[in-house]
Amino acid sequence: MQNDPVCGMEVNEDTKYKLSYKGKTYYFCSPLCMAEFKKRPEKYIQH
Ligand SMILES: [Zn+2]
């Protein structure tokens, strides 16, 4: 399982809502969270 970086929910890796950003893959619970991440990725990335 992975954590959705936007809402914190656990997400299965086989979800279709995923996206690569700066060499790392992020998984999302819904298209809404994915869209939110795309808008402001830096807000959601753990540094
Ligand atoms: Zn979410």
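The structure is a predicted model, in which local features need pLDDT of at least 70, side-chain atom pairs count only at pLDDT 80 or more, and totals for chains, interfaces and linings use all residues. Residues are numbered from 1 along each chain as its sequence is written, and side-chain values use heavy atoms, with hydrogens and water left out.

The protein chain contains 2 helices and 4 strands; helices (H or I, at least four residues) and strands (E, at least two) are DSSP runs, numbered from the N terminus. Along the sequence these elements follow the pattern β-β-β-β-α-α. The C-alpha atoms fill a box of roughly 25 × 20 × 15 Å along the principal axes. Of the 47 residues in the chain, 34% are buried, where buried means under 20% relative accessible area, exposed over 50%, and partly exposed in between (1.4 Å probe, protein chains only).

Strand 3 (residues 18-21) and strand 4 (residues 24-27) run antiparallel and are joined by 4 bridges; two strands pair if DSSP finds at least two bridges between them. Within this pairing, Lys18 stands opposite Tyr27 in strand 4. The hairpin has 2 residues between the strands, and Lys22 takes a positive phi near 50 degrees there.

The zinc ion has as its protein donors Asp4 (OD), Cys7 (SG), Cys29 (SG) and Cys33 (SG), at 2.0 to 2.3 Å. Donors are N, O and S atoms within 2.8 Å of the metal (3.2 Å for Na, K and Ca); water is not among the atoms, so sites may look incomplete. The angles among the 4 donor atoms are 99 to 122 degrees, and the site is tetrahedral, a label given to four donors if all angles lie between 85 and 135 degrees. Along the chain the donors follow the spacing D-x2-C-x21-C-x3-C. Cys7 counts as partly exposed because its relative accessibility is 41%, whereas Cys33 is buried, at 10%.

Cys33 also belongs to the largest nonpolar core, whose 8 residues are Leu19, Tyr26, Phe28, Cys33, Met34, Phe37, Tyr44 and Ile45. Helix 1 (residues 31-39) gives the most to this core, with 3 residues. A nonpolar core is a set of buried Ala, Val, Leu, Ile, Met, Phe, Trp, Tyr and Cys residues joined through side-chain atoms within 4.5 Å.

Val6, in the loop between strand 1 and strand 2, is partly exposed because its relative accessible area is 23%. Leaving aside neighbours within four places in sequence, Val6 is in contact (heavy atoms within 4.5 Å) with Phe28, Cys33, Glu36, Phe37 and Tyr44. Val6 and Pro41, 35 residues apart in sequence, are 9.1 Å apart in space, C-alpha to C-alpha.

Asp14, in the loop between strand 2 and strand 3, is exposed, with a relative accessible area of 65%.

Technical notes. Four donors count as tetrahedral if all angles lie between 85 and 135 degrees; four count as square planar and six as octahedral if opposite donors are over 155 degrees apart and all others between 65 and 115; anything else is irregular.
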